[in-house]
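Please have it open while I talk.

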Amino acid sequence: MDEVDLLILGAGPAGMAAAAEAAGAGLVVALLDEQARPGGQIYRDVTAVPPARAAILGPEYRAGRPLAEGLADPRIRHIPGATAWKIDPDRTIAYSVDGKAALIRGRRLLIASGALERPVPIPGWTLPGVMTAGAAQILLKQSGILPRRAVIAGSGPLLYLIAAQMVRAGTPPLALVETQTRGDLLAALPHLPGAIRGWRSMAKGLGWIAELKRAGVPRHRGARDLAVDGAGRAEALALTAGGRRRTIPCETVLLHEGVVPNIQATRLLGLPHRWDQAQRCFVPRHDRWGETPLPGIHVAGDGAGIGGALVAELSGRLVGLCAAAALGRLDPVERDRRAAPLFRTLARERAVRPFLDAAYPPGPQTLSPADGTIVCRCEEVTAGEIRRHARLGCKGPNQAKAFGRAGMGPCQGRFCGLAVTAILAEANGQSPDETGYFRIRPPIKPVTLAEIAAMAPTGPDKDSA
Amino acid sequence: MNDASPFLDLDPGGPRVSVRFDGTDHALPEGANLAAALLAAGVRVFRATPVSGAPRAPFCMMGACYDCLVLIDGVTRQACMTRVTDGLVVERAPGRDLHDG
Ligand code: FES
């Protein structure tokens, strides 16, 4: 089996920064990532993007390029196209590249698996033509394509960014539909003084809004009762705003209600998670060095709690320093000296979050979908069915699997887990912590029996096949 | 560029190769993301769900939702995690099999 000093899962800003910092201190690093090129979703294909597209994407995107180029360090082995399907507490990862499976172990392990879009269960969200706003960003970054007749709907700064990028690309969205209300903004005001410390991110957001205004993109705020209409594909977005129901014909609907940590890997490891009420999601427990209660296992980046690309990069660097010190390559005093400015910048970059979290909360449909709305996309289980399970005594998501098939499809709950937890918590009058989350079992990504068999005798347990 | 497609292709140049999707030939950019290339070519439905047979198409583009599943050489694959190569033959994934993947 391969063994390295620091094994990293995920080549986004956190993983890339951790790799660079650790390699700089003399550690041998392996960086596993599903994509062909480094960058994660936020800097997807940043090393390959043509200049015109980079201009559309803006300076925040181009900032990822030096990080990706840092992987050229000979002590860093970047393993692209790698699907990790089993991760063990002894810091071993089973992964496949091009249908060939292999095992690799780290003396330290960093899970930097980033964020997923929060599920946005509204009527019609399973229709072809409905995508996440993040998906549109990926299409632009990697493939240079953008929807021509799209409505963007939901809540959060990413909506402004993708809309502004569409304007720059000459295909502005037909409308921007926002679910946050004036009340949310008022509730966020007490956090404003803190946010001023992170004024750069605020200024960016205001700049995008100004771009949309200049381009004349219609904006509907405080929108309620969103629904995608269409026979077999998205044909319009219906909504209520300003006391009036309206329907906006379109071909594509881009949904976004914020992002949440991708916790498949940390749940698989059995790490403890806590409910973050401000961000309304589960986060793996960790200390300020990203270390979890499992020895030698760290988390960093959005997968450890949503903070954005800069926070991810800084938290990754801290893990690199911590790993180097733990493995005796860096004097603890030197570690602390190098970490001090990182902690300071981290505090400043995080200062804007409480304001953003309060100003752009997930909309009411996201937190409590109507009975008829599909929650589990894979198995087409509705919110009403989950509530019926609760009435029959179902207390948590794992029990829900016994009552119905929610979370049992190929996505393994990635796009229904939070909604199932929220619905059961509400129906049972319990907290999300009490309600819990799906138990995640290997393989977390599909793997063929042939791939597993080829790894014997050091292959995974029989029961995981 | 395909005017029937709901997508605008910002860089339509570059070499194209032939890919068959559900019996129809498409000239797609070599090495491109298969899901993106099919969307740009005007393909709207990638699969039907095993439960109700409802149509689905790429939703997340990052390998998480599995709505882009297609059949390539008899194996279900995520189109958004697959590259375009010459002569690729892609079929719509039959519903029920998805559970065994
Ligand atoms: S589009 Fe979600 S997995 Fe491919």
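I begin with Met61 of chain B, which counts as buried at 1% relative accessibility, where buried means under 20% relative accessible area, exposed means over 50%, and partly exposed is what lies in between, with a 1.4 Å probe and protein chains only. Met61(B) is found in the loop between β5 and β6 (69-72) of chain B, and its phi is near 60°, a positive value in a residue other than glycine. The elements I name are DSSP runs numbered from the N terminus, helices being H or I with at least four residues and strands being E with at least two.

Before going on, two remarks on conventions. This is a predicted model, in which local features need pLDDT of at least 70 and side-chain atom pairs count only at pLDDT 80 or more, while totals for chains, interfaces and linings use all residues. Residues are numbered from 1 along each chain as its sequence is written, chains are lettered from A and ligands numbered from 1 in the order in which they are written, and side-chain values use heavy atoms, with hydrogens and water left out.

Glu380(A) lies in the loop between β21 (374-376) and β22 (381-382) of chain A, and at 14% relative accessibility Glu380(A) counts as buried. Still on the backbone, the peptide bond from Pro442(A) to Pro443(A) is cis, with omega near -5°, and Pro443(A) is placed in the loop between α18 (432-435) and α19 (449-453) of chain A.

Now to the charged pairs. Side chains of opposite charge can pair when their charged atoms come close. The criterion for a salt bridge is a side-chain nitrogen of Lys or Arg within 4 Å of a carboxyl oxygen of Asp or Glu, and over all chains the structure holds 27 of them. One of these joins Glu291(A) to Arg108(A), with the closest N and O atoms 3.2 Å apart. That pair links distant parts of the chain, 183 residues apart, since Glu291(A) sits in the loop between β19 (281-284) and β20 (297-299) and Arg108(A) in strand β6 (residues 100-111). Glu291(A) is partly exposed, at a relative accessible area of 22%, whereas Arg108(A) counts as buried at 12%.

In chain B, Arg92(B) forms a salt bridge with Asp22(B), the closest N and O atoms being 2.7 Å apart. Here too the partners come from distant parts of the chain, 70 residues apart, with Arg92(B) in strand β8 (residues 89-92) and Asp22(B) in the loop between β2 (16-21) and β3 (24-29). Both are partly exposed, Arg92(B) at 35% and Asp22(B) at 38%. Salt bridges that share partners also join Arg377(A), Arg47(B), Arg56(B) and Asp67(B) into one network.

How many residues of each chain are in contact across the interface? With contact meaning heavy atoms within 4.5 Å, 39 residues of chain B touch 47 residues of chain A. The two chains bury about 3,700 Å² between them, 57% of it on carbon and sulfur atoms, where buried area is the accessible area (1.4 Å probe) that two parts lose on being put together, summed over both. In chain B, Phe59(B), Met62(B) and Tyr66(B) lose the most area to chain A, together 20% of what that side buries. Three salt bridges cross this interface, and among the pairs between the chains is Asp67(B) with Arg377(A), at 2.6 Å between the closest N and O atoms.

Finally, the domains of chain A, whose bounds come from an automatic or database domain assignment: domain 1 (2-116 + 260-330), domain 2 (119-257) and domain 3 (368-430). The centres of domain 1 and domain 2 of chain A, taken over C-alpha atoms, are separated by 29 Å, and the contact takes 13 residues from domain 1 and eleven from domain 2. About 1,100 Å² is buried between these two domains, of which carbon and sulfur atoms give 56%. Arg53(A), Ile56(A) and Leu57(A) supply 47% of the area that domain 1 buries against domain 2, more than any other three residues. The count of salt bridges between these two domains is zero.
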